[in-house]
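Colleague: I'd like a close look at one part of this model, taken slowly and in one go. Start with the overall build, then work down to single residues.

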Amino acid sequence: MNKDIEKIVKQVCESNGQNKTKMMNIVTSLQERLGGLSGDVMDLIAKQTKVHRVEVESIVSFYSFLSKTPKGKIVIRLCNDIVDKMQGGEAVRKAFCDELGVKIGGTTPDGNMTLEETPCIGMCDQAPAALVNDVVFTYLSTDKAREIVRELKKHGDPKKIPHRLGDGNNAHDLVRSMVHNGIRKKGPVIFSDYEAESGLKKALAMSPVEVIREVKIARLRGRGGAGFPTGMKWEFTRGAEGTQKFVICNADEGEPGTFKDRVILTEKYDLLFEGMTIGGYAIGSDTGILYLRGEYLYLKAFLEEMLEDRRKKGLLGKDILHKKGFHFDIHIQIGAGAYICGEETSLISSCEGLRGDPKTRPPFPAQKGYLGCPTTVNNVETFCCVARIMDRGATWFAEIGSKGSPSTKLLSVSGDCSGPGVYEFPFGIKVRDLLKEVGAEDVQAVLIGGPSGQIIGPSDFERTICYDDLPTGGSIVIFNQERNILEVVKEYMDFFVEESCGYCTPCRVGNVLLRNGIENIIEGKGEPKDLDYLKELGESVKVTSRCGLGQTSPNPVLTTLKNFRGVYEKLVKKDEKGFQPTFDAKRAVGDAEKVAGRASVHY
Amino acid sequence: MGQTIKFTIDGTEVNGRPGQTIMEAADEAGVYIPRLCYLKELTPHGSCRVCTVIVNGRPQTACTQPIADGMTVENNTPELLEHRKNLVDMLFVEGNHFCMFCEKSGNCELQAMAYRLGILAPKYPFMFPTCEVDASHPDIFIDRNRCILCGRCVQASKDLDGKHVFDFVGRGVHKKIAVDAEAKLVDTDADVRDKAAEVCPVGAILKKHIGFSVPIGKRLYDQKPIGSEIEEKKMTKVKS
């Protein structure tokens, strides 16, 4: 191996204490510096961290931002979410391909630039978007795509490509991003003005048990989508045996169409860190981890600076706010492109330097989580809610929103509407009212809760967004009458096929079968019985899958089979004669004809 | 000794001990819950999902779920049979399984499970993937066409052999078994006496030189369906 490379690998491993649990830092850092992790590099990492080489390969081959084969110094990752495609993403893709002279997945002959596609990067409100290394480009057009490539060819530095700066902290010296916040509606909980650290101060004046009780009285439920009661989770973690406990913030928002955490991370990071600190106090932990999705790498330096600022102010570190014996600090763990890591046990695996495979439950993270220690994993927005509950009280919090779903919810709205962006609404808002507010007309379908949620049609627009009716982590995507619903379904199934970790049979195989089934129907090769086939297959995947991914991934198929049955029925071919209507005899004998070198007698 | 945990499987009371999983308690009681990735000597992997049962109304895998007093477990229901058939179907179409010339035939757990569940041909379309075969090692070969990603070899190598010959690479439908070398098994410390060379439920990891040594009719599942050895326990119990 090249001596320079050897030196870099050793240096990176040593700076991470040759610690195998820091594997994510080691491999992401080396990927960035070397452009790829070859067999030799993996061998050396293995030696340095005292693991087997196949363990390193297991990790490298899991995350989409890592690769064994070398990539260019510059990696352009086009977001291929359906919302990007609806806003002209296909033309942008073509422009990039033409200008670079490569196909998707290709690297320019000089080895400098690689062009890839990637699922939702959290920019659906300003699509089409792309990541060039860690620099985000939004509102792309074909002209802009060409300009980006030309600039890169000139100086090779994505940061030097001229761009205007976004609003708020997007313009901060450590961010300098063109992303704009897109806060469309401020509500009383997350986006209202508040007195900094007031929640933390009040929490520290209470006992940890009282803090948890307050969170329970507020009836706060997880904002990531699953809606587990936060107070209960904290109670379990606090009560679990173990001297070392951990607070993890899940900032791996990967559900297609969601981007609300991006805005909290730039504009309300203080509220988030305050909430995490309260969490540490409540469960008895001195360590917090912010798991930041690889797509949000552009925020890392800024967030680290803000954490440092809190340390200086005595809001992190030892004896926080002079509370004797309460020590807490937060560090950031970066991801590397894997939707599954939003699942809490996968996220823990990833933090431990492993493949992002979900873990077997029980034991639950509250009992045995990060490195086998009791761990609470909560969503970004959930921690913000906690800080506000402590500040304003559980009663204030619980009185906002609907009966079963207290308070507000941040909704990331995108797709066919005039006002894409982040909205803070009290729970209980009707879909119809939401659509009016965001300027959506002529709506055919609304995706509530991302592809793992539901696709509903107009007959459900009187329903309300809340845990008891239409629950959501916040992703709302609107499709107007011009959109092809089955194409939407296929896009989302492609996503799940791509993002399944492959651990369990139903999710690994079933999603492929579902996707292929939808494709068949789109191509006019479907029969009426295929609708039952898809429904039964989807049910099996839901019931038998090991984690939340597979338990919800058939939803695009199942909810449209229910809500848009007519669309399917129009496409499947009936045949009254009892023949298989989609059997293409000519194609069936095609291969045999080729081998025989002559046409079949019958055709 | 210790206390007894009482729960029911399909309405029949089963007694277990604290710390047991549903699968362990059921096996002891002579109640067979179909399974593929599970192997008694190894930590349950919970990946094939064939042992999915309904515990107090919710699906769980019997191999990973601890028993609890008063728990109701549904195992032998038409719905679960259908799900299990679908899972086994998926495993068949995801690989390339040609039983007629596979030397594991008759001793293969996947094949035996299909027969037990009443599958004659998969209902899903075959995927016909391209898979690598590794015959580099003098005594062991790997045929990934038949691998069902149960993880037994990975764990056996790690936990029983104290090595790390195998692990998973890739994700989703591209997930596969890899060896602790650039590409070939011969470049690892794998040995024919390893437990990892014995635990494969299908014909993906086989020992060389001993193929087809048992004649048809005398193979493991020629006489009795898979799971009989567990169900027979119940018979002997009833008799005694």
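Modeller: Domain bounds here come from an automatic or database domain assignment. Keep in mind too that this is a predicted model. The part I'd pick is chain B, and for that chain the assignment gives domain 1 (7-76) and domain 2 (85-222). The C-alpha centres of those two domains of chain B are 25 Å apart. Where they touch, domain 1 of chain B puts in 12 residues and domain 2 of chain B puts in 18. On the domain 1 side of that contact in chain B, you get 7 nonpolar, 3 polar and 2 charged residues.

Now the chain as a whole. Chain B carries 6 helices and 10 strands. Its radius of gyration is 19 Å, close to the 18 Å that the globule rule gives for 240 residues, so chain B is as compact as a globular protein of that length. If you want a box for it, the C-alpha atoms of chain B fill roughly 50 × 40 × 40 Å along the principal axes. Of its 240 residues, 45% count as buried. As for how chain B folds back on itself, take the contacts with a separation of 6 or more: residues 24 or more positions apart account for 67% of them.

Next, the sheet I'd zoom in on. In chain B, 5 strands make an open sheet with mixed pairing, in the order β2-β1-β5-β3-β4. At the edges sit β2 (12-16) and β4 (58-61) of chain B, each of which pairs on one side only. On average, neighbouring strands in this sheet are turned by 35 degrees against each other, ignoring direction. As a reminder, strands of a sheet pair through backbone hydrogen bonds, either parallel or antiparallel.

Strand β1 (residues 5-9) of chain B is joined to β2(B) by 5 bridges, and the two run antiparallel. One pairing to click on: I5(B) has G16(B) in β2(B) as its bridge partner. β1(B) and β2(B) also form a hairpin with 2 residues between them, and D10(B) in the turn has a positive phi of about 50 degrees. β1(B) also pairs with β5(B), here in the parallel sense, through 2 bridges. In that pairing, I9(B) has V73(B) of β5(B) as its bridge partner.

Stay on V73(B) for a moment: this residue of β5(B) is the bridge partner of V55(B) as well. That takes us to strand β3 (residues 52-55) of chain B, which pairs with strand β5 (residues 72-74) of chain B in the antiparallel sense over 2 bridges. So much for the sheet.

For a single residue, I'd go to C150(B). C150(B) lies in the loop between β7 (140-143) and α4 (152-160) of chain B. It has 27 C-beta neighbours inside 10 Å, and the cut-off for buried is 20 or more, so C150(B) counts as buried. Leaving aside residues up to four places away in sequence, C150(B) touches L36(B), C37(B), H45(B), S47(B), C48(B) and P201(B). Another cysteine to look at is C200(B): it sits 50 residues away from C150(B) along the chain, with 8.3 Å between their C-alpha atoms.

Last, the side of chain B that touches chain A. That contact takes 28 residues from chain B and 30 residues from chain A. On the chain B side, α2 (78-94), β8 (166-169) and β9 (176-179) each supply at least two residues.

Definitions and conventions. Residues numbered from 1 in each chain as written. Chains lettered and ligands numbered in written order. Predicted model: local features only at pLDDT ≥ 70, side-chain atom pairs only at ≥ 80, totals over all residues. Pairing = 2+ DSSP bridges. Helix = DSSP H or I, 4+ residues; strand = E, 2+ residues; numbered from the N terminus. Axes fitted to C-alpha atoms, helices over the stretch in contact; angles between N-to-C directions. Rg over C-alpha atoms; globule rule 2.2 N^0.38 Å. Buried ≥ 20, exposed ≤ 12 C-beta atoms within 10 Å, placed from the backbone. Contact = placed C-beta atoms within 7 Å. Nonpolar A, V, L, I, M, F, W, Y, C, P; charged D, E, K, R; others polar.
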